[in-house]
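I opened the model today to look up how its parts pack together. My notes follow in the order in which I looked.

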Amino acid sequence: MIRRVLPHGLGRGLLTRRPGTRRGGFSLDWDGKVSEIKKKIKSILPGTPCDVLPDTSHLPPEHSDVVIVGGGVLGLSVAYWLKQLENRRGGMQVLVVERDHTYSQASTGLSVGGICQQFSLPENIQLSLFSASFLRNINEYLAVTNAPPLDLQFNPSGYLLLASEKDAAAMESNVKVQKQEGAKVCLMSPDQLRNKFPWINTEGVALASYGMENEGWFDPWCLLHGLRQKLMSMGVFFCQGEVTRFVTSSQRMMTTDDEMVTLKSIHEVHVKMDHSLEYQPVECAIVINAAGAWSAQIAALAGIGKGPPGTLQGTKLPVEPRKRYVYVWHCPQGPGLETPLVADTSGAYFRREGLGSNYLGGRSPAEEEEPDPANLEVDHDFFQEKVWPHLALRVPAFETLKVQTAWAGYYDYNTFDQNGVVGPHPLVVNMYFATGFSGHGLQQAPGVGRAVAEMILEGSFQTIDLSPFLFNRFYLGEKTQENNIM
Amino acid sequence: MAAPWVSLRLVAPMWNGTRGIHRLGGAVVPEGNQKKERKMLQFLNNHFYDVEALRGYLLQREMSKVHLKNRSFTWLEEQHGPYSAGAFFILKQGGAVKFRDKEWIRPDKYGHFSPEFWNFREVPVEAVDASDCEINYEGLDNLLLLKELQSLSLQRCPHVDDWCLSRLYPLADSLQELSLAGCPRVSERGLACLHHLQNLRRLDISDLPAVSNPGLTQILVEEMLPNCQVVGVDWAEGLKLGPEEQPQDTASPVPA
């Protein structure tokens with residue numbers, strides 16, 4: 001009653017109560033005071049972002065047990081097997097440092113993606129066989145809960161290698177070794193070739209070897225993505241940066257022949273961020289060099305090769321980038337769905353790509369015609385002069401083809417014997433190599449990753465013995481030559 | 001197109017029983033409920049380590065069950081001969097086997113089958129119906145013991161993929177009929193390695209969800225296997241009439 005009457009008579013100003021004044025406080029600017037008090041409380045309470053310390057989320061951690069230089073398929077494979085074979089879950093802290101997270105120049109993404117067992121060395125054959133079984137069971141090895149299963153787009157069409165008269169004997173003995181190791185390869189005469197693949201011109205072909213199982217080609221990006229996803233779920237750290245310095249400590253020791261040897265061990269890796277001078281020193285126990293075409297630079301940072309030539313200290317890592325071209329063309333009358341990856345006597349190779357009469361292929365240039373590896377520009381004249389004539393000779397249907405596109409990629413080419421370098425360095429005791437595979441790194445990555453992980457965790461190779469691939473051979477001059485390089 | 005060829009009629013006639021452990025049991029869960037359950041499971045998985053570990057363990061267990069089913073029976077070969085060993089493997093998986101001049105042997109709904117085939121040492125197996133079986137790449141070791149197989153049916157096998165198809169070439173001399181209908185993991189890349197099977201007369205590639213372009217694949221497979229009747233997709237299925245290509249009505253003039 002009173003409330004209704006009062007505003008009529010006495011007006012608002014006198015009797016309207018403001019909320020704050022009810023408590024007895026007498027203040028004119030109450031709202032401002034409230035917001036000031038709120039601000040003070042917020043800054044004192046924990047959990048608010050404090051501007052005092054800088055943001056370091058892009059930097060790698062300060063300590064890591066293992067630092068893997070290079071995030072391509074070999075580096076990720078080593079990381080995967082290290083985490084898979086460690087004795088305690090979470091026992092090893094692994095950091096993968098990759099300079100370019102778009103993988104624009106990495107050999108993995110630019111690769112043709114083939115896998116074959118037709119090598120001359122038993123170790124290469126075994127690595128390839130293991131990789132085939134890894135890829136076949138990839139959804140068991142790289143299973144991540146909640147992620148969809150991986151589809152590698154594997155074409156089990158096999159490899160067909162053609163040999164001329166002078167290479168026929170070598171091919172026969174190679175096939176014998178391959179069959180002994182368990183690869184399913186068969187030899188074919190020119191007549192059998194013509195029967196099976198009528199589009200081949202068998203002029204100049206004395207013998208052919210055809211892989212029936214576990215050979216073909218697949219999508220390397222899918223493998224890379226699958227490995228990355230699995231590694232992130234296993235707790236491996238990824239960092240985008242460039243390794244610029246190794247801090248080593250040395251120890252002089254006496255060998256049994258009374259010679260003084262300086263053994264070095266890397267205890268810190270400086271990782272520099274992109275487009276800035278900022279770097280993070282990472283304390284580490286083991287460094288793995290899986291930098292592909294740029295492995296020699298990383299090795300030089302650790303002092304490998306700095307010494308008088310001819311000594312163990314002066315033996316450099318003989319891996320250098322070599323540019324290779326891949327061309328894609330369209331040929332409507334070309335070979336059918338059953339076409340394997342055909343490697344000609346001249347070194348030219350091609351395979352089908354998809355259902356629409358597209359093919360891709362290339363050829364390794366001769367030593368004196370090696371293109372300049374400074375960039376990844378494609379030389380189309382190379383196709384016209386050096387690749388097309390051989391293809392058209394071997395497959396007459398390819399006389400009328402139309403090049404659609406082309407790209408170039410690097411081989412991490414081992415100039416010594418074109419085979420990989422695996423295992424520790426004799427003088428820099430905690431640097432392990434997994435590089436130098438000269439064009440067949442992708443197909444051997446799972447096997448090599450497991451071998452390096454076994455070397456680190458157990459001290460020796462357990463499943464596949466890769467002692468012919470150790471670094472020592474460069475100093476001792478013992479070549480582990482592989483004859484079937486494309 | 002190959003001349004019409006009468007099927008060997010070696011594929012087992014109508015199979016309408018339930019397979020017990022092989023079929024998913026019981027009622028169909030309505031769509032909406034399934035989605036909610038899945039979302040809840042994903043949420044729990046992303047927020048709790050124990051749920052993730054449990055799911056990982058259950059997945060590993062499923063996979064090891066399949067491996068156990070596909071273990072090697074080749075040690076039976078020296079005692080009972082290759083045909084009985086291979087037949088035993090198929091029957092254990094839940095498939096059906098037909099020896100030459102004998103009737104189909106099939107396990108009943110409890111998985112039991114008659115042991116009379118152990119006596120058929122020298123009688124080769126003519127036809128195998130491994131529909132809905134959980135055969136995978138390793139299990140094919142046992143299947144390839146049956147050297148004179150003429151008809152093989154791998155319909156709706158969930159673990160048969162492109163790698164498995166590349167393993168079928170040892171049966172090239174005798175295999176005449178192959179059915180891959182409904183296999184979820186077979187794609188056109190696996191079909192490309194069927195070119196070894198030159199004696200194949202009938203190939204069924206209908207209803208393969210992983211094949212990207214069924215019509216084109218059918219044409220390419222027919223080119224690859226000229227003597228074989230490829231049953232699967234109508235090749236004109238991929239051709240869709242656009243708005244400007246609609247069939248014209250009869251009143252319009254026919255071009256001369």
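This is a predicted model: local features need pLDDT of at least 70, side-chain atom pairs count only at pLDDT 80 or more; totals for chains, interfaces and linings use all residues.

Entry 1, a helix pair. I began with helix 4 (residues 73-85) of chain A and helix 9 (residues 220-234) of chain A, which pack at an angle of about 35° with their axes 10 Å apart. Helices here are DSSP runs of H or I with at least four residues, strands are runs of E with at least two, and both are numbered from the N terminus. Axes are lines fitted to C-alpha atoms, for helices over the stretch in contact, and angles run from 0 to 180 degrees between N-to-C directions. I noted the crossing of helix 4 and helix 9 of chain A as left-handed (the near helix is turned anticlockwise from the far one by less than a right angle; clockwise would be right-handed).

Residues are numbered from 1 along each chain as its sequence is written, chains are lettered from A and ligands numbered from 1 in the order in which they are written, and side-chain values use heavy atoms, leaving out hydrogens and water.

I found an open sheet of eight strands in chain A, in the order 5-6-4-13-14-15-12-16 and with mixed pairing. Two strands pair if DSSP finds at least two bridges between them. Strand 5 (185-188) and strand 16 (402-414) of chain A are the edges, each pairing on one side only. Strand 12 (residues 319-330) and strand 15 (residues 358-363) of chain A run antiparallel, joined by four bridges. Trp329(A) stands opposite Tyr359(A) of strand 15. Helix 11 (residues 380-394) of chain A lies across several strands, including strand 12, to which it runs at about 60°.

How many residues of chain A are in contact with chain B? I noted 25, against 31 residues of chain B.

Definitions and conventions:
Contact means heavy atoms within 4.5 Å.
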